[in-house]
Amino acid sequence: MATHFAVMVIVIPLMSALLTPVIGWWKKELCYPWAVAVLLVTVVCSIGVLNQVITGGPFSYYLGGWSPPWGIEYAIDYLNAFVLIIISFVALTVGIYSKKSVQKEMPEKVVPFYTLFLLLVTGLFGIVVTGDLFNVFVFLEIGALSCYALIAIGRDGAPFAAFRYIIMGTIGASFYLIGVGYLYMATGSLNMHDVAQLLPELYDSKVVLTAGIFMVVGISIEMALYPLHAWAPNAYADAPSTVSALIAPLMTKVAAYLMIRVMFTVFKPSFFIETIPVTTVLTWMAAVAIVLGSIYAIAQTDLKKMLSYSVVAQIGYIALGIGLANRYGLTGAVLHILNEALTKGCVFLVAGAIVYKMGACNIYDFKNLYRKMPFTMSAFLIGAFSMVGIPPTCGFFSKIYLIMGAIDAGKWIFVAVLLFSSILNVVYFFRVIQIATFEKPMPDYGRDKAYESVRMDEVPLSMLIPIQVMAVGILLAGIFSSKIISTAIQFVIPVGF
Amino acid sequence: MKVVATILIILTGALLIYGVEDMPDWGDPNSPANSHVSPKYIQEALEKTATPNIVTAVLADYRGYDTMGETTVIFTAGMACILMLRKKRKGEGD
Amino acid sequence: MLEYIVSKYNFWAYVILLLIGLYAMVGKKNLVKKLIGMNIFQSAVILFYISIGVKKGGATVPIFLGDAHAAHGHGHALIDVASYINPLPHVLMLTAIVVSIATTGVALAVLILIFRRYKTLELDEIMKIRKDTGV
């Protein structure tokens, strides 16, 4: 039974997404409870998968009973199960949050919204859980199509941002497909583990080299790694608030997972270190991404645009960890995927709450926001601590591992970049907190104390609880980070590192 | 943008031309693609799936999961168009 | 040098299409032309996969015609692998064609939304409107 969880985690959201229009056009109010129930079942399934991997080791599931490489295989190991839990948890939290936000921003589009929500979650699960190279492309396109549509219904400049995302996302997915085609031409198989076995004797073939470069470039476009990041800031900023909170923590991190899969499972890491210096290029691009992303974030006045540039910078951290390709670097990268998902989920949910209350999110309008929305802003504070890397939040531990990885590889410049970027993060996050907490609006003549007249005006409970859950999650992930690493992450590292 | 586009196609073209050297000849029946996984499809498709069309057998049986994904893609595209383009007509209660 | 061009001319067909499609997607200013470039680009990828699965020497399509009923009841009849071309790339490309159509459909719907908002489909005019209105 437990092995069937791996398939149920895809089948349940998929079949529910097909049923959502039927339910929704019968009774519109049922869409939200239906979606939340489905996401809850998915969280249970993904916990079951992780449990199965921890107690029984990695397992495979043959779809349709055909053994690989003639059929499609689901190969679940520690990395898969770990990312599955992250996705399902973030999706559930944003799903619970979405009720009031969707009602306010797009009330007549509730039914297709929840359908595409569940389809997006299906697509993300499909990329993570599969062990077949072409299957990744199919589910990548399911997720991407849902993303394009969900972004395009946002605020004013959203369709243009969605179109730019369509063009660049299609280039990325098609480059990945060309890479898979070259691998098929060289080895004759599409199964990840089969190709990994057949590939070592072909490492000096130019076809394999071309395949590797195309796949890495394609996945980098999906991952929004500088300089291929141009679609990300506008797409995440102009989307509706629920959609930003769903896509920003998840889409790029799943692409980062795919990069780890391609670089460490399909191709052995020695290929990317010795044969073609992809890891060197990756680390330098990551360093540029970290610095430039943070600098662009400082220059923004719109909260969501600032957070989107922060996503670009944080992807630089994960790419740096992957590119360093040693034990500490990879541990830091995988832990940072967890950290990023929770933190970006938290801060984008806070941004959505601010938009719900104030209609827009220009940071210079945030005066006295701390008194109006204390719970929301304290969650934002925890998120900011995690971005900067202050203990005991999870961000501190992932940064420590990345710094140790850089020291281990002897590249002191990256240590300097990591420390410098923490300072940049402090600048843009604490500017928001300073305006919200310490600046008082113009004194209201006729009253004695201006700040007493500001009453607490929080967002509704269905939006507040998910924000607090995410913030608590960041703290818990930090406190238990060593346990997380010893249980799940340390088995992700391939042997020999 | 035209400069960026030109640089991009020069780089991509160079990479593709670089990769052509080790490609198997066109139509080689013993290339890895034609000799690793496919012979079993051709030999066993008829007796295991009772379908004379091998492409259908692979599409619907061996790799039926990809076909399910493909139909989901069509459904997603349809819902995406409904989400983006459907306008409520005036006077229609909901 | 000439041998490269002659023995692998399937390759040149798809490379030229791919580069044309890529240039149109990135370099052209009209949004519809970018979309058409995307279609050309994806068609080139489809041609690439199909050309992997060809077998020279009289191979035919992977369909058992006519003698299907005869082979049906005889178990493992002698099926000559070299006389049927590789079916797997065709299968993969059926899915890729459908994905390409779906993406084109969604992109056209997004173009309708853009046109409703900006009343034009030229990239430089849209950027100008965005800069002027501060969007």
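Colleague: How many residues does helix H13 of chain A have, and what span between its ends should they give?

Modeller: Helices are DSSP runs of H or I with at least four residues, numbered from the N terminus, and the expected span of a helix is 1.5 Å times one less than its number of residues. In this predicted model, where local features need pLDDT of at least 70, side-chain atom pairs count only at pLDDT 80 or more, and totals for chains, interfaces and linings use all residues, the 22 residues of H13(A), 303-324, should span 32 Å, and because its end C-alpha atoms are 32 Å apart, the two values agree. Residues are numbered from 1 along each chain as its sequence is written, while chains are lettered from A and ligands numbered from 1 in the order in which they are written.

Colleague: Is H13(A) mostly covered or mostly open, and what is the phi of the residue that follows H13(A)?

Modeller: A residue is called buried if 20 or more other C-beta atoms, placed from the backbone, lie within 10 Å of its own, exposed if 12 or fewer do, and partly exposed in between. By that count 21 of the 22 residues of H13(A) are buried, so that the helix is mostly covered, and Ala325(A), which follows H13(A), has a positive phi near 55 degrees.

Colleague: Where is Ile484(A) found, and is Ile484(A) buried or partly exposed?

Modeller: Ile484(A) belongs to helix H20 of chain A, residues 481-487, and is partly exposed because 19 other C-beta atoms lie within 10 Å. Two residues are in contact if their C-beta atoms, placed from the backbone, lie within 7 Å; leaving aside neighbours within four places in sequence, Ile484(A) contacts Ala477(A) and Ile489(A).

Colleague: At what angle do helices H8 and H10 of chain A pack?

Modeller: Axes are lines fitted to C-alpha atoms, for helices over the stretch in contact, and angles run from 0 to 180 degrees between N-to-C directions. Helix H8 (206-223) and helix H10 (241-266) of chain A pack at about 160 degrees, with their axes 8 Å apart. Angles over 145 degrees count as roughly antiparallel, which is why H8(A) is described in that way relative to H10(A).

Colleague: Which residues meet there?

Modeller: Among them, Met215(A) and Ile219(A) in H8(A) meet residues of H10(A) including Ala255(A) and Met259(A).

Colleague: How many residues does each chain bring to the contact of chain A with chain C?

Modeller: Chain A brings 23 residues and chain C 26, and on the side of chain A that touches chain C, H6(A) gives the most, with 14 residues.

Terms used: Helices (H or I, at least four residues) and strands (E, at least two) are DSSP runs, numbered from the N terminus. Angles under 35 degrees count as roughly parallel, over 145 as roughly antiparallel, 65 to 115 as roughly perpendicular and the rest as oblique.
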